[in-house]
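Q: I have not looked at this one before. Can you walk me through it?

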Amino acid sequence: MPLELGPRYSQETEAMPTLLRLDADPSAVSPRRSPQGDGHRARARIPARIPARVVVVSLMLAGCAGRPCESEAQDPAAPSAPSTSDKTPNPREPARHSGAIETAGSTGSPQTIAIETRLDEPAGPLPDDYLAFSRACDRGTREITIAAVGDLLIHRELQKQAFRSPTHFRDLWSGVEGLISAADVSYANLEGPTAQGIDRRGNPRKDPGMVFDNRVYSGYARFNYHPILVADLVTSGFDIVSTANNHSLDRGPLGVDRTIDTLVAAKLPYTGTRRQDQQSAPWHAITHVEGITIAWLACTLHTNYQEDALGQVLRCFDDPKTMPRLVRKLARRKDIDAVIVTPHWGKEYKHEPIAKQRRLAQAVIDAGAIAVIGSHPHVLQPWEKMTASDGREALTMFSLGNFASHQRDLPRRSSVVLYLGLTQGEDGTVWVNGARYVPITVRMEGNKANFFVERVDAQSGPREVYEHIEGLMGAPNRADESIGAGAPPRTNPQCYSGFTTP
Ligand SMILES: [Zn+2]
């Protein structure tokens, strides 16, 4: 059935294009959000939610039952110890993290659960290779966590798998869906069109449905994915995608239009491309969550020699002034709290960023971006803190590698879910409070028939992937293995008592 545009749709365009009819179960896209039923945004607003990793620790059934134990640390900002009648602390509001709370135990006796105490300074000395931001512990009025993954490069084998599965494309990444939906805003690079009924030459033709026919739906070197992919991304909790990349024009100008139709119909904001008939449409998209408004801006280094006569894809480097100018304009807007740039850039299969990447990152950060999250090399490139000319700190992740692909060698199947934490102060200013990551990989199963994106951990491995990722990203910022059960990792764990690194 046709899908209506809802009030939360936040693509800023000249006019909404014709709605697309998806030949899929509409419940898969509306209401959007995670497979757990309710939306993760909604969950993030529930004051009583306490992440499993925060609730530590001691269930004290005797001695101090009925009141907070004296030995437990108290937040000096808290006027008095919380009691059973107090509102349960909201983990999103760090100023309220303190002391202890009480719950009814299974025996009916009150149990006291100690929780971490929020600190104003990092707890103890930090490891040398810990990526930390100087305003990590500054208290604000709200914090959000953004999750970002790399390239969705859905090769032939993966498309066939999706068409075999009742959960379609989610079959590929259902193992990490909790890591995506746990964040307040989740991002991916959608590398290729989702152009219904468009063949390899960019012409309309009868749509084959969910079939890999290699004419309408195809893999390398000219990708096109069935639009159910977009519905699946929404169901998995993705909130924003880049559409500017070297495969943007794999179905020509009409393919860009049809892809946008699919995204609009699914209410999934996109950035970096525009329709033929919307030549002055903005390149950016907006996400609003927890009172923080983020503008996202994607660009690409090229479009694989496909001519872009109508200027439908934003280029990163054609004019060095373009990206800083666009960012500056967004950063000056009063209704935008933060700008994140997602460039598709760099040398394929190289772990080191080139000078051009560094220059663009610095230029857009100087212009007001709070983070730069890159893709395209198909392997991980490092992350670092960069400082703007006015002293603001920003995160640059040069390349996230592949999120889902058929590329088999170790670096190309090794990636991360990146978590970026933002804090907003009383005056509305937003700053980076930290960054963490969870290692992930694409596991192959059953004589190369099935591919699954899965997390990698210290215990169950795969060991070589784990070591490869940790070698590139460092150990201290790896998120511990208890996350993913409804809450993202803390991005500034050093600002809480009991801080340890992996
Ligand atoms: Zn690419």
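The chat below goes through a sheet, some backbone details and a helix contact.

Q: What kind of model is it, and what are the pLDDT limits?
A: It is a predicted model: local features need pLDDT of at least 70, side-chain atom pairs count only at pLDDT 80 or more, and totals for chains, interfaces and linings use all residues. Residues are numbered from 1 along each chain as its sequence is written.

Q: OK, the sheet. In what order do the six strands come?
A: The order is E8-E9-E10-E11-E13-E12, in an open sheet with mixed pairing. Strands (E, at least two residues) and helices (H or I, at least four) are DSSP runs numbered from the N terminus, and two strands pair if DSSP finds at least two bridges between them.

Q: Which strands are at the edges?
A: Strand E8 (285-289) and strand E12 (380-387), each of which pairs on one side only. From one strand to the next, the twist averages 20 degrees.

Q: And E11 with E13, parallel or antiparallel?
A: Parallel, with three bridges joining E11 (residues 371-373) to E13 (residues 393-400). Isoleucine 373 has methionine 397 in E13 as its bridge partner.

Q: What comes up in the loop between E11 and E12?
A: Histidine 376 is in that loop. Its phi is near 120 degrees, a positive value in a residue other than glycine.

Q: Is histidine 376 buried or exposed?
A: Buried, because 26 other C-beta atoms lie within 10 Å. The cut-offs are 20 or more other C-beta atoms within 10 Å for buried, 12 or fewer for exposed and partly exposed in between, with C-beta atoms placed from the backbone.

Q: Switching topic: what about asparagine 214?
A: Asparagine 214 also has a positive phi, near 65 degrees, and lies in the loop between E5 and H5. It counts as partly exposed because it has 13 C-beta neighbours inside 10 Å.

Q: Where is the cis peptide bond?
A: Between tyrosine 220 and alanine 221, with omega about 10 degrees. Alanine 221 is in the loop between strand E5 (185-190) and helix H5 (228-236).

Q: How do H5 and H6 cross?
A: The axes of H5 and helix H6 (residues 252-266) come within 9 Å and cross at roughly 35 degrees. Axes here are lines fitted to C-alpha atoms, for helices over the stretch in contact, and angles run from 0 to 180 degrees between N-to-C directions.

Q: Which residues make the contact?
A: Val230, Ala231 and Val234 of H5, and Thr262, Leu263 and Ala266 of H6. Contact means C-beta atoms, placed from the backbone, within 7 Å.

Conventions
Contact = placed C-beta atoms within 7 Å.
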